[in-house]
Amino acid sequence: MPDPIPPPSPTAPDVVVVGAGLAGLAATWTLLDHGARVTVVDGGPPGRATSHVAAGMLAPVVEAEPDHPEQLALGLAALRAWPGFAERLAAAAGRSLPIRRQGTLAVARDRDEAEALTRFAAVRDRLGVPVRPLLPSAARRLEPALAPTLRAALDVPDDHAVDPRAVVAALVDAVVAGGGRLRTGSAVARVLVDHDRDRATGVALADGTTIAAGAVLVAAGPWSGAIDGLPEEARLPVRPVKGQLLLLRDPDGPGLVERVLRFGSGYLVPRDDGRYVLGATSEEQGFDRSTTAGAVHDLLRDGAELVPGLLELRIEETLAGLRPTTPDGLAAIGRSGALDGLWWCTGHHRNGVLLASLSGPLLAAAVGLGRADPALDPLRRSVDPRRLEPAATPTPTLEQPRA
């Protein structure tokens, strides 16, 4: 295999990464660990876009679509990788990175949601991921703040949570400590392409600066598919899906609920310091990031129906973020098939925090860095960006497990 990142000059970076969110920073940290010289470029501070709004659920069992085995397999592998990832990251960054391991309760507020939980449990059991049904009384013994009108619950003990803002801060420290260069304050205006060689050769910034590089890694979240300079045949169909949520704080500290609560299309995620993330809407609104009174009303109404004590909490932030979403709901991590020197790490949809533990290793495997790990091969194929390119033919993905 040819050198995957031929440097354009002895002083230029091997890779320029477009985007300093969780995906870009996690991939950068892995590339640095493999000896690459990396510059990360972002128009704003690291992690202040989609990553800043993420709830932080490490929850492949409840977050994967019911009949999407590829998504579930990828999420379960990422969850297994998270403890080691967190331990290494904490050591590299010189700061602790706690994981909340209390688990998740999937709960139903009415008969329709209870029937949906029954179907959900059946699908998970068929896919080999059993969950434990609970009577409402048993669920309330675990979480006394739950409303007495609760209809049903499922215990998912291995789904966890982490604070994404803490993960971003640790990744920034680890990247800097590993010799990476962070360049923020000027967005990437376009990708530079040598059309004679059909190769990406760097980026031009909005301030007029150009950065030459051996490879360009696009990790710009929902903006990944809209970057100028790329030929149409090399673009990926990544679209934004808006999510609004609330950050609440209990002035009396933590303890209202200990587990992540998942209900209908919403969730309540506790933090260690008495904050709670209540979310989230799912809206096809383009790149609009405004927060609306209607969304705040609906989130509080639905959350309080489940946990009445939420109405005593203080609203600390109203937030809206854009989930980077592909047509098949899977991330795009690896090489472009249409343009040499172009790599992708985007399209993580609702699972950017969860997949932070695997994004770097999957990218490294796809571009030929480090020792090959056969265990990553089926996962790498499922997120291969070439499946999404305009001229792509369908690529093999993980097989549906037999019932």
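Colleague: What is the order of the strands in the open sheet?

Modeller: This is a predicted model, in which local features need pLDDT of at least 70, side-chain atom pairs count only at pLDDT 80 or more, and totals for chains, interfaces and linings use all residues. Residues are numbered from 1 along each chain as its sequence is written, and side-chain values use heavy atoms, with hydrogens and water left out. Strands are DSSP runs of E, at least two residues, and helices are runs of H or I, at least four residues, numbered from the N terminus; two strands pair if DSSP finds at least two bridges between them. Here the open sheet has three strands in the order β9-β10-β11, paired antiparallel. Because β9 (188–194) and β11 (210–212) are edge strands with a single partner strand each, one side of each lacks a neighbour in the sheet.

Colleague: How many bridges join β9 to β10?

Modeller: Six bridges link β9 with the antiparallel strand β10 (residues 199–205); one of the bridge pairs is Val191 with Val203 in β10.

Colleague: At what angle do helices α4 and α7 pack?

Modeller: Axes are lines fitted to C-alpha atoms, for helices over the stretch in contact, and angles run from 0 to 180 degrees between N-to-C directions. Helix α4 (residues 69–93) packs against α7 (residues 164–177) at about 55 degrees, with axes 8 Å apart. The pair is therefore oblique, the class left after roughly parallel (under 35 degrees), roughly antiparallel (over 145) and roughly perpendicular (65 to 115).

Colleague: Which residues of α4 meet α7?

Modeller: Contact means heavy atoms within 4.5 Å. Trp82, Phe85, Leu89, Ala92 and Ala93 of α4 meet residues of α7 including Val167 and Leu171.
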